[in-house]
Amino acid sequence: MTNSRRFVLAGVMGWPIAHSRSPKIHNYWFAHYGIEGCYAPLPVEPGRLEAALRAMPALGFAGCNLTIPHKETALQFLDRVDESAARIGAVNCVVVEKKGELTGRNYDGYGFVASLREAAPNWRAESAPCVIIGAGGGARAIVDGLLEAGASEIRLINRTLARAETLAADFGPGVSAFAWDEREPGLAGAGLVVNATSQGMVGQPPLDLSLAELPRSALVADIVYAPLETPLLAAARRHGATPVDGLGMLLHQARPAFRDWTGVMPEVTPALRATIVATL
């Protein structure tokens, strides 16, 4: 949708919200592309999400992003959701349509795959099995993104096997669940390993995973971006694999949202990345 508003107003709803880097990303693009607009942090308590979303058309908002704890809850308050958001069961972008209807979308899977392609332009999802550690919301988005990119085999490994089995069943053939004690044998022959848990984040223990069975040609990605190089990514570097940090996913998922609100598809540049790295 090309936004016809003279001044583009958008923001990110979450609780808490002060940690979000989204305002810096989108306001950087407003300035870079010469678009009159503002992107604001919007602290919205969980019980007030519906009222906040429904107020956007009257306040002149083009849309918003959603973060914890609103991504799943928002589904019930929107007029429509796209196929990806429905499959994932979560929304991270809301667009206010011309008549005030609210459309929910999810660009997390898109952002993840784009970050892989930025780090390794020759990577192909279908070339080797993909391994995902974790079975939460981040893992769901990544499974969806990888399947859309052509992945034919995805191995889900989670401490609670039942959660991985449920996620695998939701996405059907090609996605299988592995028990936690199978995590290292499960890396054999993989072309991609993703940590979709919070382990390795500042204040959290590192992910307990040896990469000995992983081919050195593989990519090792982490959705964590604080710190930028997690213990897993440092281990990948020592192993000879290609590390992919979590900041790329954050930056790339923002691109189609900005396009939806402004009509301009922005680029992730070294200057933007440096701007956000300086805040970490």
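User: At what angle do helix 1 and helix 8 pack?
Analyst: They pack at about 50°, and their axes are 10 Å apart. Helices here are DSSP runs of H or I with at least four residues, strands are runs of E with at least two, and both are numbered from the N terminus. Axes are lines fitted to C-alpha atoms, for helices over the stretch in contact, and angles run from 0 to 180 degrees between N-to-C directions.

User: What should I know about the model itself?
Analyst: This is a predicted model: local features need pLDDT of at least 70, side-chain atom pairs count only at pLDDT 80 or more, and totals for chains, interfaces and linings use all residues. Residues are numbered from 1 along each chain as its sequence is written, and side-chain values use heavy atoms, with hydrogens and water left out.

User: OK, back to the pair. What is helix 1 to helix 8?
Analyst: The angle makes helix 1 oblique to helix 8. Under 35 degrees counts as roughly parallel, over 145 as roughly antiparallel, 65 to 115 as roughly perpendicular, and the rest as oblique.

User: Which residues in helix 1 and helix 8 meet?
Analyst: Helix 1 brings Ile 25, His 26, Trp 29 and Phe 30. Helix 8 brings Leu 250, Leu 251, Ala 254, Arg 255, Phe 258, Trp 261 and Thr 262. Contact means heavy atoms within 4.5 Å. By class, there are 8 nonpolar, 2 polar and 1 charged residues. Ala, Val, Leu, Ile, Met, Phe, Trp, Tyr, Cys and Pro count as nonpolar, Asp, Glu, Lys and Arg as charged, and the others, Gly among them, as polar.

User: Next pair. At what angle do helix 4 and helix 8 pack?
Analyst: About 120°, with their axes 7 Å apart. Helix 4 and helix 8 are therefore oblique to each other. From helix 4 come Asp 108, Tyr 110, Gly 111, Phe 112, Ala 114, Ser 115 and Glu 118. From helix 8 come Gly 248, Met 249, His 252, Gln 253, Arg 255 and Pro 256. The residues of this contact divide into 5 nonpolar, 5 polar and 3 charged.

User: And at roughly what angle do the axes of helix 1 and helix 9 cross?
Analyst: Roughly 145°, and the axes come within 10 Å. Lys 24, Ile 25, Tyr 28 and Trp 29 in helix 1 meet Ala 271, Leu 272, Thr 275 and Ile 276 in helix 9. That contact has 6 nonpolar, 1 polar and 1 charged residues.

User: New topic. In the largest nonpolar core, which residues touch the most other members?
Analyst: Phe 112, Ile 132, Leu 146 and Leu 192, out of 29 residues. A nonpolar core is a set of buried Ala, Val, Leu, Ile, Met, Phe, Trp, Tyr and Cys residues joined through side-chain atoms within 4.5 Å. Buried means under 20% relative accessible area, exposed over 50%, and partly exposed in between, with a 1.4 Å probe and protein chains only.

User: Which elements give two or more residues to this core?
Analyst: Helices 4, 5 and 6, plus strands 7, 8, 10 and 11. Ile 132 is in contact with residues including Ala 139, Ile 142, Leu 146, Ile 154 and Val 194, leaving aside neighbours within four places in sequence. A second, separate core has 23 residues, among them Ile 17, Cys 93, Leu 251 and Ala 257.

User: What about Arg 140, buried or exposed?
Analyst: Arg 140 counts as buried, at 18% relative accessibility. This arginine is found in helix 5. Not counting residues up to four places away in sequence, Arg 140 touches Arg 87, Ile 88, Leu 167, Asp 170 and Phe 171.

User: What do the buried residues of helix 7 pack against?
Analyst: Strand 10, strand 11 and strand 12. Those buried residues are Leu 232, Leu 233, Ala 234, Ala 236 and His 239. Just after helix 7, Gly 240 takes a positive phi of about 100°.

User: Prolines now. Is the bond from Trp 15 to Pro 16 cis or trans?
Analyst: It is cis, with omega near 0°. Pro 16 is in the loop between strand 1 and helix 1. The bond from Ile 68 to Pro 69 is cis too, with omega near 5°. Pro 69 lies in the loop between strand 3 and strand 4.

User: Where is Pro 206?
Analyst: In the loop between strand 10 and strand 11. Pro 206 is partly exposed, with a relative accessible area of 47%. Pro 206 and Thr 230 are 24 residues apart in sequence and 7.7 Å apart in space, C-alpha to C-alpha.
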